Amino acid sequence: AALEGWGVQTVTSLAYPYGEWNLTTDEIVRESGYRSARTALAADSGYNASNGNPFLLKTFTVEDLDVSFAQVKSYIDHAVATMTWAILVFHQIDNSGSQYSTSPARLQQIVDYIAGIQAQVVTTRQGVSMMGN
């Protein structure tokens, strides 16, 4: 409601706080009217397929300290090759070098790579609408 009050279009997707979820939270999110939800736990990382669970969308967290450009490139290349969907999560874009930081230069490198290979980029709403659920 707060996001929509600030002018954000209808919110249809949830990010589980700290990526934590269980069957109870999954049920609550579904009953609350959301169309999807994503995790952020390393154990839940991976690709999303058309037959996947829209309430357990898998992600890859991108942070300069832990994830190289080569790793991000491999996530993108694999998604393109297997016709799956890779959600890249960036917590903060800045030059602080903190744990959750991705530098503007790294983000630009990733954007340039995606544009260079002409990979399709979609919003969460668009990706979920392509799922068969």
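Modeller: Let's start with a term: buried means under 20% relative accessible area, exposed over 50%, and partly exposed in between, using a 1.4 Å probe and protein chains only. This is a predicted model, where local features need pLDDT of at least 70, side-chain atom pairs count only at pLDDT 80 or more, and totals for chains, interfaces and linings use all residues. Residues are numbered from 1 along each chain as its sequence is written, and side-chain values use heavy atoms, leaving out hydrogens and water.

Colleague: Okay, so why does F60 count as buried?

Modeller: Because F60 has 8% relative accessibility.

Colleague: And which residues make up the largest nonpolar core?

Modeller: In soluble globular proteins, nonpolar side chains tend to be buried together. A nonpolar core is a set of buried Ala, Val, Leu, Ile, Met, Phe, Trp, Tyr and Cys residues joined through side-chain atoms within 4.5 Å. Here the largest has 10: F60, V62, V67, V72, Y75, I76, I110, Y113, I114 and A119.

Colleague: How do I read an aromatic pair, and how many does the structure hold?

Modeller: You describe a pair of aromatic rings by the distance of the centres and the angle of the planes. Rings of Phe, Tyr and Trp (its six-membered ring) pair if their centres lie within 6.5 Å; planes under 30 degrees apart are stacked, over 60 edge-to-face, the rest tilted. The structure holds three such pairs. F60 and Y75 are stacked, because their centres are 3.9 Å apart and their planes at 15 degrees. F69 and Y113 are edge-to-face, at 6.1 Å and 85 degrees.

Colleague: Which residues form the aromatic cluster?

Modeller: Y47, F60 and Y75.
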